[in-house]
Amino acid sequence: MTKKQTHPTPRTRLTPAAVVDAALRLLDESGLEAVTTRAVADRIGVRMNTVLWHVKTKTRLLELMADAVAGTIGYEGLPEDAGERARELMRRYRRSLLAHRDGAALVAGTYAPDPHTLRFADTLVGTLADHEATGETAAWTLYALVYFTLGLTQEEQAAGQAEEHRLREAVASGPYPALAATLDTLTSHTFDARFEDGITRILGGAGSGRR
């Protein structure tokens with residue numbers, strides 16, 4: 001009886017998507033500073049040059065990661081009203097950032113003209129063109145919404161429990177009468193409330209200035 005020959009299982013072929021997925025898992029576990037091409041290579045179990053062959057540079061890796069984050073934004077069930085649709089798009093954008101540790105810092109530090117990022121921008125600016133007077137104002141409003149959301153979410157992801165206490169102590173220790181008069185408001189609202197108020201002010205919708 002001839003002995004049946006066995007062959008080793010072929011190694012799964014590495015793809016750019018697999019590299020990005022490993023990098024995102026590393027991001028969630030250890031934070032943005034831990035994401036390097038060497039660390040990603042170690043995680044996958046390949047040489048660093050293999051990772052670089054797929055993503056070229058660390059900068060490009062971060063861009064692809066940012067685009068993957070944008071790829072989790074859904075477009076189903078958006079409101080018909082342009083203003084409400086813009087608000088909902090920004091809510092979904094923020095949720096995509098919050099879904100990853102340091103997600104806002106990752107996206108804020110990249111310039112990724114890649115498919116998922118472009119789809120979100122195109123959908124948002126098209127919505128704003130229906131909401132605003134001109135395409136030019138729609139473009140400026142897109143910048144305002146995205147920069148506001150990135151900054152707020154980055155602050156949210158970095159905020160510690162002691163921040164409110166530190167702010168109160170700092171204001172109490174110096175001549176800051178305007179801050180002292182508004183301190184309860186500055187420290188009482190959640191990031192959710194700040195986000196909703198901010199996008200409302202940018203879009204100029206109902207409720208602007210209510211707080």
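Modeller: Axes here are lines fitted to C-alpha atoms, for helices over the stretch in contact, and angles run from 0 to 180 degrees between N-to-C directions. The model is a predicted one.

Biologist: Are helices α1 and α4 roughly parallel or roughly perpendicular to each other?

Modeller: Two packed helices are described by the angle between their axes and the distance between the axes. For α1 (residues 16-30) and α4 (residues 58-70) the axes are 10 Å apart and the packing angle is about 80°. Angles of 65 to 115 degrees count as roughly perpendicular. The relation of α1 to α4 is therefore roughly perpendicular.

Biologist: How many nonpolar residues does the contact of α1 with α4 have?

Modeller: From α1 come Val19, Val20, Ala23, Leu24 and Leu27, which meet Leu61, Leu64, Met65, Ala68 and Val69 of α4. By class, this contact has no charged and no polar residues, and its nonpolar residues number 10.

Biologist: Is Thr149 buried or exposed?

Modeller: Thr149 is part of helix α8 (residues 135-158). Beyond its neighbours within four places in sequence, Thr149 is in contact with Met90, Tyr93, Arg94, Leu97, Phe195 and Ile199. The cut-off for buried is under 20% relative accessible area. Because the relative accessible area of Thr149 is 0%, Thr149 is buried.

Biologist: Which backbone oxygen lies 2.8 Å from a polar atom of the Thr149 side chain?

Modeller: An α-helix has 3.6 residues a turn, so residues three or four places apart point the same way. The oxygen at 2.8 Å from the polar side-chain atom of Thr149 belongs to the backbone of Leu145.

Biologist: Which helices are included in what covers the buried residues of α11?

Modeller: Helix α11 (residues 191-203) reaches 18 Å from its first C-alpha to its last, close to the 18 Å expected at 1.5 Å a residue. Its buried residues include Phe195 and Ile199, both in contact with Thr149. The cover over the buried residues of α11 includes α5, α7 (115-131) and α8.

Biologist: What is the phi of Lys56?

Modeller: Most residues other than glycine have a negative phi. Lys56 sits in the loop between α3 (48-55) and α4, and is exposed because its relative accessible area is 56%. Its phi is positive, near 75°.

Biologist: And what is the phi of Asp102?

Modeller: Asp102 is in the loop between α5 (82-98) and α6 (103-108). With a relative accessible area of 25%, Asp102 is partly exposed. Its phi is also positive, in a residue other than glycine, and lies near 60°.

Notes: Residues are numbered from 1 along each chain as its sequence is written. This is a predicted model: local features need pLDDT of at least 70, side-chain atom pairs count only at pLDDT 80 or more; totals for chains, interfaces and linings use all residues. Side-chain values use heavy atoms; hydrogens and water are left out. Helices (H or I, at least four residues) and strands (E, at least two) are DSSP runs, numbered from the N terminus. Buried means under 20% relative accessible area, exposed over 50%, partly exposed in between (1.4 Å probe, protein chains only). A polar contact is a pair of N or O atoms within 3.5 Å; within protein, one must be able to donate a hydrogen and the other to accept it, and residues adjacent in sequence count only if both atoms are side-chain atoms. Contact means heavy atoms within 4.5 Å. Angles under 35 degrees count as roughly parallel, over 145 as roughly antiparallel, 65 to 115 as roughly perpendicular and the rest as oblique. Ala, Val, Leu, Ile, Met, Phe, Trp, Tyr, Cys and Pro count as nonpolar, Asp, Glu, Lys and Arg as charged, and the others, Gly among them, as polar. The expected span of a helix is 1.5 Å times one less than its number of residues.
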